[in-house]
Every structure is written in structure tokens, then in C-alpha cells.
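Thanks for coming. I have one model to go through today, so please bring it up on your screens and keep the sequence beside it.

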Amino acid sequence: MRSRLLLAACAFTAVFGAASLLAQRPADSAPATRCEPVGMRALCEDVSAARRGRKPRSKKQAAPAAQPNKPAIVERTPYTEQDREAAVIPDLPGVRFFADSFGAFSDALPSQRGPWLILSSGGSSGAYGAGVLVGLSQAGKRPDYAMVTGVSIGAVMAPYAFLGQKYDDKLRDSFLTLTSADVFEDAVRADSLVDTWPLKDQLVKRVTPELLADVAAEHNKGRRLFVVTADLDSERLVVWNLGAIAAHGSDANRIEAALKLFRQVLLAASAIPGIFPPVFIDAEANGKKFQEMHADGGVFGPFFAAPPLWLIDPGEKLPVTRFDVILHSKLVPEFNVTGAEKIFILGRTISAAVKAGAKAELALLAAAAKHNGTELNVAYVDNTFHEAAQTAFDQKQMTKLFNLGLEQAKNGIAFRTQSPAPSGQTMNKP
């Protein structure tokens, strides 16, 4: 059971966390227990101690409430590709589209030109982006973004980011009071290594009718809030228009359906395939009712700014005056001797792949933004940041990440241009 929890936590922080933020291990520590992803040092040491016959360290954190009854395997209703193309969410039409459909994307865009905020994946290091946004508010430089998009942790924080300074306290507290017990629990499931019912409960508390009403009000002004999930059945990225979902909630007969879907989408947006349970969303088409399987959109890339075809060939102008991209990670490769066990090798490999993907996507966006005549600003964790985490979702580390983003934003140095250098390092300009 402990090994399963370790693997899940390592995968979470390696695939969608900032694996490169781990500080160098103290010289007197045993190298064989090194864990690459952020926040996993203590868990790795616990497992290694158990294997050597020693008692793991005691945990200060209390165990979460008892897990609900073990879920049964979901019996899936067969449906076709044609059914999926025509599928709609019952009673909530027009709330999503495939990310590779530029026509649908264009139709859903903000009604007015303005700055766009792009929030990346990054697990607990989303605390950095939260600090940047709160810092912009405190400096009086936080715009009302015409559009906000989010992937993975960026999706979960996107509603607060979208709603601006009014929700800054909730955005900050979402990270500075977060623990792993608020996100997942070790469990025996057929579809995942752990259960995310604690996160589901958190979303019920956070996505309230009041928040839905505030999102709907901004949507009706012409602003847009998009988050993405991976439709595993179709192997395509799906963009969810959370403002449109919230607007449906203005109808008293649809408020419960809108709240349910809003929460489901955010849960799916952080559901790492195979590690966290997928989310099954009810749909219907051609007289059939079935459930689509959705998971973390980060499997398609660390952030979403526009359909892939537009990034490659930006023929049509978008109503954006500038892109502000917040990456919840570093961008440079970092040397660290990797443990010889498979979970460490997997974590290190995925960490490198995520960095490479972020730099490749940034390069595409930079070229497309230039063609569009749009400014591109990028904020990411400084290469000099080193803070070892003692647990998953370590509050000390998240506080330092938050404060880093806060001070950078208040001092006007959070956003920089970014371009790949031949060595694989990055060159930054204020």
C-alpha cells in the first residue's frame, strides 16, 4: 500500500508538478533513497526505511476521514465515433468543443480584444502562479483578462484567477493550507492507484452557487474562462467553457446540473490517467445516453493558448492584445543523480519530457504571437530557486514559491520573454 501511494505521489509531481524544484540532497543522506519529484523526499525515505526494516518517521499530519465504500468497476455503454462527434451534455448545450476545431474555438472567443492569461500544469507549484496573480493585484497591475485558460492545476485555480482580486484570499489559501490529504488517499481501485475523493469533496466546498454566479456575470460581459480535459475515448483535447456552464446555472432548474458539471470538469482536469481515477461525464447523441471518460488535459501539453493548427499556421487574427503565460516550473535541465529504482527513473524521464514539451510549445506560441502582432510574456520559476520539500504538498515549500511569485510581480519582474538557446538553457530578458 505504501509503495502504491509513493508511486502515485511521485507520478503526480513528476508528470504535472515541478520535478526540477527539488534542492540537492544533503551530503549525509543516503543516495539510494533519492526521489526526483518535488515533495517526495520524505515519502521516499519512509519507503526506503521500511525496506531496510526500520520504522518510518512519524507523520504530523492526521489521516483523512475514512474512505467511502470501494467503487465498483464502471460498466461502460458502447458508443461510436459518430456518436461522440454529435454528443452534447444533457440540458447544458454549447459548453465544450474539441480543441482541434478552430471554428468552434473562434466562435467561443471573447467579444472584445484584451490580454489573455494562460495557466500551466504544475501540481503544488501552482503556488508560484498564485503568488504572481496576488502580487499583480497588490501592485495595482492586475488586468481583467479577456480570457483565462488552465491546464491541470492551472485549470483548478483558473476560476479564482478569472474572478480577480475579490478571490485573491481564496486563491492564496488554496495552496498555503493544502495538504496531500486534501487531494488523494491510498485506495484499492480498478481504474487508478489512488482515490481522489478528498479533492472531490474540496471542489464541492469551493465551487459554490456564489462562485458560479460570479463566473456567469463575467461571462455575460464577454470574458471567457476555458479549461481543458483529455477525452480518452477519442484521444482528443476538449475545451470546456466554464463561463457557459455557469451561465446555464442562472436558470434555477439547471443550477444543480451546472454545479455538478463545473465540479466534474475541474476534477477531470487534474485526473492523471492511471494514477488518479478518470471522470465519467454523462452525454447523449443519436438517441443514446452514455458516459465519456475524461482525464487531465496535461497529457496533451503543459498549457493551452489556442488550437494546435493555429500555433503552427496562425492565419486568422485572434482578439488578444498580449499573452501572459505562467509556467509552474523551471525550464532548464538540472543535474541530479537519479535513484536506480523504476519509480525514480520514470519520474526523472517524465520530468525531462515535460520541460522539453513546455519549451517546444512556448516556441510555437512565440512564433504565432509574433505573426498575430501580439506581445508574449512568460513567468516561470527562477533557476536559482532551491527549497527541499519534506512531504507531498509541503506547505513550507509552497509558501516560498508563493512569496517568490508575489515579490516578483510586485517588483514588476515576474513576466519575461523566453527563447530557447542552443545549449538547451534559456535566455531571459526583463
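I start with Asp 191, which counts as partly exposed because its relative accessibility is 27%. On this scale, buried means under 20% relative accessible area, exposed means over 50%, and partly exposed is what lies in between, with a 1.4 Å probe and protein chains only. The model is predicted: local features need pLDDT of at least 70, and side-chain atom pairs count only at pLDDT 80 or more, while totals for chains, interfaces and linings use all residues. Residues are numbered from 1 along each chain as its sequence is written, and side-chain values use heavy atoms, leaving out hydrogens and water.

What does Asp 191 pair with? Its salt-bridge partner is Arg 189, with 2.8 Å between the closest N and O atoms. By salt bridge I mean a side-chain nitrogen of Lys or Arg within 4 Å of a carboxyl oxygen of Asp or Glu. Arg 189 counts as buried, because its relative accessibility is 19%.

Another pair is Arg 172 with Asp 173, whose side chains meet at 3.3 Å, N to O. Arg 172 is partly exposed at 26% relative accessibility, and Asp 173 is partly exposed at 33%.

Arg 416 and Asp 382 also form a salt bridge, and their closest N and O atoms are 2.9 Å apart. This pair links distant parts of the chain: Arg 416 sits in the loop between α14 and β12 (417-420), Asp 382 in the loop between β11 and α14, and 34 residues separate them. Arg 416 is buried, with a relative accessible area of 11%. There is also a network, in which salt bridges with shared partners join Arg 84, Arg 96, Asp 231 and Glu 292. Over the whole structure, the search finds 19 salt bridges.

Now the chain as a whole. There are 14 helices and 13 strands, taken as DSSP runs numbered from the N terminus (helices are H or I with at least four residues, strands are E with at least two). Of the 430 residues in the chain, 57% are buried. Among contacts with a separation of 6 or more, 77% are between residues 24 or more positions apart; contact means heavy atoms within 4.5 Å. The accessible surface is about 18,200 Å², and carbon and sulfur atoms hold 55% of that, by the Shrake-Rupley method with a 1.4 Å probe, where for residues only the protein chains shown count as cover.

Next, helix α5, residues 126-138. How many of its 13 residues are buried? The count is 12, including Gly 126, Tyr 128, Val 132, Leu 133 and Ser 137. Its cover includes β2 (114-119), α6 (153-163), α7 (168-176), β10 (320-326), β11 (375-379) and α14 (395-410). From first C-alpha to last, α5 reaches 19 Å, close to the expected 18 Å; the expected span is 1.5 Å times one less than the number of residues. Just after α5, Gly 140 takes a positive phi of about 70°.

Part of the β10 cover can be followed through Ile 326, which lies in that strand. Ile 326 counts as buried because its relative accessibility is 0%. Leaving aside residues up to four places away in sequence, its contacts include Tyr 128, Gly 129, Val 132 and Leu 133, as well as Ala 379 and Phe 415.

The buried residues of α8 (residues 197-206) are Trp 197, Pro 198, Leu 199, Gln 202 and Leu 203.

Last, the surface. Leu 309, Ile 312 and Leu 364 make a nonpolar patch of about 320 Å². Patches are made of residues with over 30% relative accessible area and no salt bridge; like charges are joined within 9 Å, and nonpolar side chains (Val, Leu, Ile, Met, Phe, Trp, Tyr) within 5 Å. Leu 364 lies in helix α13 (residues 342-372) and is partly exposed at 37% relative accessibility.
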